[in-house]
Amino acid sequence: MKCNVAVVFMHDYLDGDLAREETMQLQKHLGECSSCSNRYESLERTEALVKAFPIEKAPADLGDRIMKSLPSSRRPKAWTSWVRRHPAVSAAALFLVVMLSSFVSMWNQSQELSVSGPDLEHVIIEGKKVIVPEGQKFSGDLVVVNGEVEVLGDLDGNLTVIDGSVTPLASTAHIAGEIKTIDRAVDWFWYKVSSFFGTLAYGS
Amino acid sequence: MKPVETRLARLALKGDQRAFAEIVDMYKDKLYHLAYRMTGNRQEAEDVVQETFLRVYKNLDRYDENQKFSTWIYRIATNLCIDRLRKRKAVYSLDAESSEHEGLDGYAMLPSDDRTPESELLLSETQKLIRGAIATLPVKYKSVMILRYLQDMSLQEISDVLGMPVTTVKTRVHRGREFMRKKLENKQ
């Protein structure tokens, strides 16, 4: 056996990791080679000395100090761990909160009159009143928010009034589509959602 | 039946402070010993032990019961020690051997504080030699040697704690052992 192999075997032996067969080979080599046997003795001594090294005890009050340094409540941790364990539900809840708050803020913002439709040159706006004049023909859907609507002419589409009112139709008026009046948050919400999906479906 | 620590960890997670105190009692001396030998400084050793328990406490819910509790807690403590040694190195370059004090690098010369417990006074010359030899071990051998000899861990456990293959641990034990042998033989 070569000496460099013997050194590797020595370490494996000290690790308790040397097969029986190889241990015998090592023993044989140590009997023949004095430098290796010296080296082995020296390693064994080192091993014994290091193992016998006394344990350093922690200061007596360390345990108490550790217990006092701990944060008092585990509550917030429990909450975050719940979130970690239910990522899908947490994401859905967060989404709902964001959606709701954006709806609420939109609802609060809209105190001003707004009129929308494809054909706005055929309407007259006076203060908070939106008029489709007699003899005029408005083609398309008309949406009015926060205002009154008076239809004297033709409306070739749906009329939607949000948070407002429709003056009873004059005899000259003609509305091809339906009239919707919305003045409650829930209805408005529903209107927003259905029109959102309508846009998705028809792309306009 | 689950090991004691695992059951204590579960109780502590539910808010049982006494269970956690029990864990602290079981490990504080072992961790202190580890940290003191790693850093060579009592104050730092205390800091490391405190920080380790704080992290364990905060992350009890992440403890994976499939691994041994001791492996987990030793991993946290060893990493904290290694981090400290790295930071120190960056600041003072303690690895440079001093010309005045043969064989001693900066780690060995860091002032340990004034409190000298009785156990220290009773140390024999040989034990002082061993302490010096451990203190001068390069960091990568130091952690392996301390876990192997002062914490009595198997090579497999060390590999779990340090997250490195058993073969690497083995090589480091061999090199560390040779390093220690040379240090101790030269002085005798």
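This is a predicted model: local features need pLDDT of at least 70, side-chain atom pairs count only at pLDDT 80 or more; totals for chains, interfaces and linings use all residues.
**Stop 1: chain A as a whole**

Select chain A and colour it by secondary structure. Seven helices and 11 strands make up its secondary structure. Chain A has 204 residues, and 14% of them count as buried. Consider next the contacts in chain A between residues at least 6 apart in sequence: 21% of these join residues at least 24 apart.

**Stop 2: two helices of chain A**

Two packed helices are described by the angle between their axes and the distance between the axes. Select residues 3-14 of chain A, which form helix α1, and residues 34-51 of chain A, which form helix α3. The two pack at an angle of about 25 degrees, and their axes are 11 Å apart. Because of that angle, α1(A) is roughly parallel to α3(A); the cut-off for this description is an angle under 35 degrees. The crossing of α1(A) and α3(A) is right-handed.

Now show the side chains where the helices meet. Which residues make the contact? From α1(A), select C3(A), A6(A), V7(A), M10(A) and L14(A). From α3(A), select C36(A), R39(A), Y40(A), L43(A) and E47(A). The residues of this contact between α1(A) and α3(A) comprise eight nonpolar, two charged and no polar ones.

**Stop 3: N146 in chain A**

Stay in chain A and select N146(A), in the loop between β5 (142-145) and β6 (148-151). Most residues other than glycine have a negative phi. N146(A) is not a glycine, yet its phi is positive, at about 60 degrees. Is N146(A) buried or partly exposed? N146(A) has 15 other C-beta atoms within 10 Å, so it counts as partly exposed.

**Stop 4: D152 in chain B**

Move to chain B and select D152(B). Where is D152(B) found? D152(B) sits in the loop between α8 (139-150) and α9 (155-162) of chain B. D152(B) also has a positive phi of about 60 degrees without being a glycine. Its surroundings can be counted too: D152(B) has 10 C-beta neighbours inside 10 Å and therefore counts as exposed. The cut-off for exposed is 12 or fewer.

**Stop 5: R7 and E65 in chain B**

Select R7(B), in helix α1 (residues 4-13) of chain B. R7(B) counts as partly exposed because it has 15 C-beta neighbours inside 10 Å. R7(B) and E65(B) are 58 residues apart along the chain, and their C-alpha atoms are separated by 9.6 Å.

Key:
Residues are numbered from 1 along each chain as its sequence is written. Chains are lettered from A and ligands numbered from 1 in the order in which they are written. Helices (H or I, at least four residues) and strands (E, at least two) are DSSP runs, numbered from the N terminus. A residue is buried if 20 or more other C-beta atoms lie within 10 Å of its own, exposed if 12 or fewer, and partly exposed in between; C-beta atoms are placed from the backbone. Two residues are in contact if their C-beta atoms, placed from the backbone, lie within 7 Å. Axes are lines fitted to C-alpha atoms, for helices over the stretch in contact, and angles run from 0 to 180 degrees between N-to-C directions. Angles under 35 degrees count as roughly parallel, over 145 as roughly antiparallel, 65 to 115 as roughly perpendicular and the rest as oblique. A crossing is left-handed if the near helix is turned anticlockwise from the far one by less than a right angle, and right-handed if clockwise. Ala, Val, Leu, Ile, Met, Phe, Trp, Tyr, Cys and Pro count as nonpolar, Asp, Glu, Lys and Arg as charged, and the others, Gly among them, as polar.
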